Each structure stands twice: as structure tokens, then as C-alpha cells.
Amino acid sequence: MAPKKQATVVTEQDISNSDNEQLVELINNLVNTKQDELFAKYKAKVESQLENDHQLIEDLQAELKAKDDRIDALLEELSLLKQDPGMEFASPIRKKASGRLNQDELAKERENICFTLDMIELLTGVKVINFENTSDEYIFDIKQSSSVKSGLTMHYQLVLASQPSPEINYIPTFLDALEGEEVEDYENAKILQKILPDYLCENLSFPFDTLAQFYGKVNRALNKK
């Protein structure tokens with residue numbers, strides 16, 4: 001490593017005793033010394049930054065590799081599960097059935113679950129047509145039909161907080177049809193506005209344990225003769 005240049009100290013006497021040529025030389029020495037100091041500081045700063053960047057890149061690469069390894073492990077587990085014909089499952093609708101279901105039987109059981117949901121719709125007029133969940137809530141899109149007025153249906157949402165909560169939020173999405181272009185949906189919404197209580201035509205919240213009462217009120221309004 002080259003020896004560090006010492007800063008030149010220039011006194012007033014040096015300047016007074018120097019001719020023009022010597023003054024120019026003094027100034028050049030001072031400028032070069034200052035430039036050397038600035039360059040040394042800049043070089044040290046750049047080297048430090050490069051070292052930090054290199055460490056950061058290594059850390060990110062290590063984290064990425066760990067995640068890739070985790071994904072590979074999960075994919076391998078999933079592949080093994082698919083290849084295991086001996087896996088068994090409990091049916092969600094057969095409480096009296098003995099034994100458990102293998103994968104082939106489970107595929108068939110999905111059809112039976114659909115039949116079960118259809119039966120519930122026939123009995124109650126209620127069908128869950130869509131379900132979504134976020135980190136904060138569960139959203140159920142509901143269609144409830146009248147059993148005495150053909151074609152009359154009411155679409156609404158029931159929203160439950162993902163964290164324990166004593167309330168359900170109700171959103172009358174059928175009102176959206178009033179701003180849409182579908183004539184049939186528009187007319188359906190206008191009829192609902194006439195027959196439903198005012199509180200069912202606006203957003204509201206009600207206690208979770210009164211959900212059955214809520215259903216009963218909607219059902220009575222839709223089937224009122």
C-alpha cells in the first residue's frame with residue numbers, strides 16, 4: 001500500500017516569500033492533497049457499500065433457497081399423497097355409515113354431497129351460490145327463492161368475521177340490479193323493494209344466534225300471499 005500523503009501546512013510567511021512560480025506550486029500541492037483525501041474517503045465508502053450489498057445478496061439467496069427447498073418438500077408430500085391409494089376419508093354427510101372412504105369413493109361422494117345441498121335448497125329455498133374468504137372475513141353469496149311466486153329470488157350476502165364475533169353483516173346485493181341493464185333482474189329487484197321490510201333493503205348487522213330468525217323473516221316476506 002502506498003504511504004499516505006501528509007497534509008502540507010502553508011504559512012503566511014511561505015506565501016510572502018514565494019514568487020509566482022512557487023505560489024503556483026504551493027497551490028497545486030494543496031489541491032492534490034485535498035483530492036487525495038476526498039478520493040480515499042469515497043473509495044472507503046464504496047468498498048463498504050459493496051461489502052454490505054454482497055452480504056445482503058447472500059442472505060437473500062439463502063432465504064430463496066430455503067423457500068425453494070420447502071416448496072420441493074411440499075410437492076413431494078403431495079405427490080406421495082396422490083399415489084397412496086390406501087388413504088381414507090370420513091364422509092361429511094354419512095353419520096351412520098360404517099368404515100371410511102378411499103379416494104375413488106370420495107370422488108363419488110362429492111356427487112352425493114351436491115344432491116344433499118340440492119335437497120336443502122328444495123326444503124328451504126336457500127342456496128349458497130358463492131363463497132369467498134379473506135384474512136378478515138368469510139363472505140357467503142346467498143340466493144333465496146320464493147316457493148309461491150315463481151321466479152322471485154332474493155340475492156344477498158352474509159359476511160362473518162374470521163375472528164370470533166357475535167354479529168353477522170347482511171348486504172342486500174339484489175339492489176345492484178336497479179343500476180344494471182338486465183330487465184328481468186331489475187323488475188325482480190323492484191318487486192322485492194315492495195314486499196320486503198325496509199330494513200331488509202339496507203345493510204344491517206344482527207346477532208349470530210338470531211340467524212334462524214333472520215331466515216324466517218326473509219322467508220315469510222318472499223312467500224307472503
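These legends go with close-up views of a predicted model.

**View 1. The whole chain, element by element.** From the N terminus, the order is α-α-α-β-β-β-β-α-β-α, which comes to five helices and five strands (DSSP runs numbered from the N terminus: H or I of at least four residues for helices, E of at least two for strands). Of the 225 residues, 18% are buried, meaning under 20% relative accessible area with a 1.4 Å probe, protein chains only. The chain exposes about 17,700 Å², with carbon and sulfur atoms supplying 55% of it (Shrake-Rupley method, 1.4 Å probe). Among contacts (heavy atoms within 4.5 Å) with a separation of 6 or more, 40% join residues 24 or more positions apart.

**View 2. Helix H5 and its neighbours.** H5 takes in residues 211–222 and spans 17 Å from first C-alpha to last, close to the expected 16 Å (1.5 Å times one less than its number of residues). Its buried residues are Phe-214, Gly-216, Val-218, Ala-221 and Leu-222. They pack against strands S2 (137–145), S3 (153–161), S4 (167–171) and S5 (204–207), plus helix H4 (183–195).

View 3. Ile-71, Leu-75 and Leu-78 make a nonpolar surface patch of about 270 Å². Patch residues have over 30% relative accessible area and no salt bridge, with nonpolar side chains joined within 5 Å; a salt bridge puts a Lys or Arg side-chain nitrogen within 4 Å of an Asp or Glu carboxyl oxygen. Leu-75 sits in helix H2 (residues 20–83).

**Notes.** Residues are numbered from 1 along each chain as its sequence is written. Local features need pLDDT of at least 70 and side-chain atom pairs 80 or more, while totals for chains, interfaces and linings use all residues, and side-chain values use heavy atoms, leaving out hydrogens and water.

Conventions
Buried means under 20% relative accessible area, exposed over 50%, partly exposed in between (1.4 Å probe, protein chains only). Patches are made of residues with over 30% relative accessible area and no salt bridge: like charges are joined within 9 Å, nonpolar side chains (Val, Leu, Ile, Met, Phe, Trp, Tyr) within 5 Å.
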